[in-house]
Amino acid sequence: MHDRPNEGDADRGITVGRKRALAALGIGASALLAAPNTAVAQHRTFNSAVVAQDFVFRGIPRLLPAGTYETRLLNLGQAPHVIVAINLGASCGGLSTAELINLFDQVEDEATFLAQCPDGSVGGDIFALPGEQARGPLALTPGRNVFVCFVGRHYALGMISSTQVINIG
Ligand SMILES: [Cu+2]
């Protein structure tokens, strides 16, 4: 019941054809090809709950220990939402939220974007329909991680949240 709609669903993913010139930032999605810091293996597992509303995530701390979070995403909004965890790596770690939105706007679609991310940078994704909840693991590696909803342009409406992930030894 929590399966994603077809990739062709009009309300799913980033609209095709939104590619823009990369001039604004001087970088493109390929900037995310810089590998994140995944040198330290993470064995810790945590439980977490995130609320998705139209259009914000609630319940994500600004600072988290590295590990795998068995996450429950509760969608209290009217729209479907997804939460995607991405380690921004060295190249994108310093970008502002506005710059990240600009970066995401340059991507043709979510699948293409995620396929370009280096191994280990995408910690997972969870999709929940309105009024429903879904569960899944989000693996957070050290560095700046961003949580993004790629349904439509929800990330530009407020569904983008950054968290610093640290090793706690
Ligand atoms: Cu959303």
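How many bridges join β5 to strand β6, and in which sense do the two run? Hi everyone, let's start there. This is a predicted model, so please keep that in mind as we go. The answer is six bridges, and β5 and β6, which covers residues 122-128, run antiparallel.

Now, is β5 buried or exposed? The strand spans residues 81-87, and seven of its seven residues are buried. In a regular strand, side chains alternate between the two faces of the sheet. For β5, both faces are covered: His81, Ile83, Ala85 and Asn87 are buried on one side, and Val82, Val84 and Ile86 are buried on the other.

Let's move on to an open sheet. Four strands make it up, in the order β2-β1-β4-β7, and the pairing is mixed. β2 and β7 (133-140) stand at the edges with a single partner strand each, so one side of each has no neighbour in the sheet. On average, neighbouring strands here are turned by 30° against each other, ignoring direction.

Inside this sheet, β1 pairs with β4, residues 67-75, in the parallel sense over eight bridges.

One last stop: the loop between β1 (45-53) and β2 (56-58), where Phe55 lies. The peptide bond from Asp54 to Phe55 is cis, with omega near 5°.

Key: Residues are numbered from 1 along each chain as its sequence is written. This is a predicted model: local features need pLDDT of at least 70, side-chain atom pairs count only at pLDDT 80 or more; totals for chains, interfaces and linings use all residues. A residue is buried if 20 or more other C-beta atoms lie within 10 Å of its own, exposed if 12 or fewer, and partly exposed in between; C-beta atoms are placed from the backbone. Two strands pair if DSSP finds at least two bridges between them. Axes are lines fitted to C-alpha atoms, for helices over the stretch in contact, and angles run from 0 to 180 degrees between N-to-C directions.
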